[in-house]
Amino acid sequence: MSDSRVIVVAELHGLVGRFAELEALLSELAAGSRDEPGCRGFRVLAANAPGELVLLAEYADDTALRAHYATPHYRRYREQIGPLLARPSDVLVHHVTKTIHAQDPNPPDPGMFG
């Protein structure tokens with residue numbers, strides 16, 4: 001039996017001079033997304049380079065992700081993101097077929113996955 005979860009990883013390449021605006025827009029997107037049915041997590045993470053951020057989102061399934069794209073907060077994000085980016089985002093959508101959780105996470109021993 002396969003897992004139907006969907007993981008989205010998006011690398012955003014923001015303009016350094018407009019980084020505060022980008023962070024604010026992504027904060028609004030994350031807050032709205034976390035309240036969606038089917039959203040299991042939505043994080044905005046700092047990257048190593050100036051202006052760079054990473055979005056990490058998990059949805060219950062493809063239907064939940066597609067519903068996300070129809071929300072007002074996602075539409076607002078789409079309308080406002082363009083001028084804040086130095087170049088287009090790199091987005092990957094992963095359809096999860098199997099997840100293994102480490103039984104001993106300090107750090108996990110490859111033989112201790114369950």
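## Salt bridges

A salt bridge here is a side-chain nitrogen of Lys or Arg within 4 Å of a carboxyl oxygen of Asp or Glu. This is a predicted model, in which local features need pLDDT of at least 70 and side-chain atom pairs count only at pLDDT 80 or more, while totals for chains, interfaces and linings use all residues. Residues are numbered from 1 along each chain as its sequence is written, and side-chain values use heavy atoms, with hydrogens and water left out.

The structure holds 6 salt bridges. One of them joins Glu28 to Arg76, with 3.1 Å between the closest N and O atoms. Glu28 sits in helix α1 (residues 19–34) and Arg76 in helix α3, so this pair ties together parts 48 residues apart in sequence. Helices are DSSP runs of H or I with at least four residues, strands are runs of E with at least two, and both are numbered from the N terminus. Glu28 is partly exposed at 40% relative accessibility, and Arg76 is partly exposed at 34%. (Buried means under 20% relative accessible area, exposed over 50%, and partly exposed in between, with a 1.4 Å probe and protein chains only.)

## A network around Glu58

Salt bridges link Arg5, Arg40 and Glu58 in a network. Glu58 pairs with Arg5, the closest N and O atoms being 2.7 Å apart. Glu58 lies in strand β3 and Arg5 in the segment before β1, so the pair ties together parts that are 53 residues apart in sequence. Both Glu58 and Arg5 are buried.

Glu58 also meets the side chain of Arg40, at 3.8 Å from N to O. Arg40 belongs to strand β2 (residues 39–46), 18 residues from Glu58 in strand β3. Arg40 is exposed, with a relative accessible area of 51%.

## The largest pocket

Now to the open space. The largest pocket holds about 280 Å³. Among its 18 lining residues, Ala10, Leu55, Tyr74, Tyr77 and Val91 are the closest to its centre. (A pocket is an open set of points on a 1 Å grid over the protein atoms alone, with protein on both sides within 12 Å along at least five of seven lines; lining residues have an atom within 4 Å of a point. The volume is the space filled by probe spheres set on the points, which are joined across faces, edges and corners.)

Helix α3 gives the most to this lining, with 4 residues. Val91, in strand β4 (residues 85–95), is partly exposed, with a relative accessible area of 49%.

Methods:
On a 1 Å grid over the protein atoms alone, a cavity is a set of points where a 1.4 Å probe fits but cannot get out, and a pocket is an open set with protein on both sides within 12 Å along at least five of seven lines; lining residues have an atom within 4 Å of a point.
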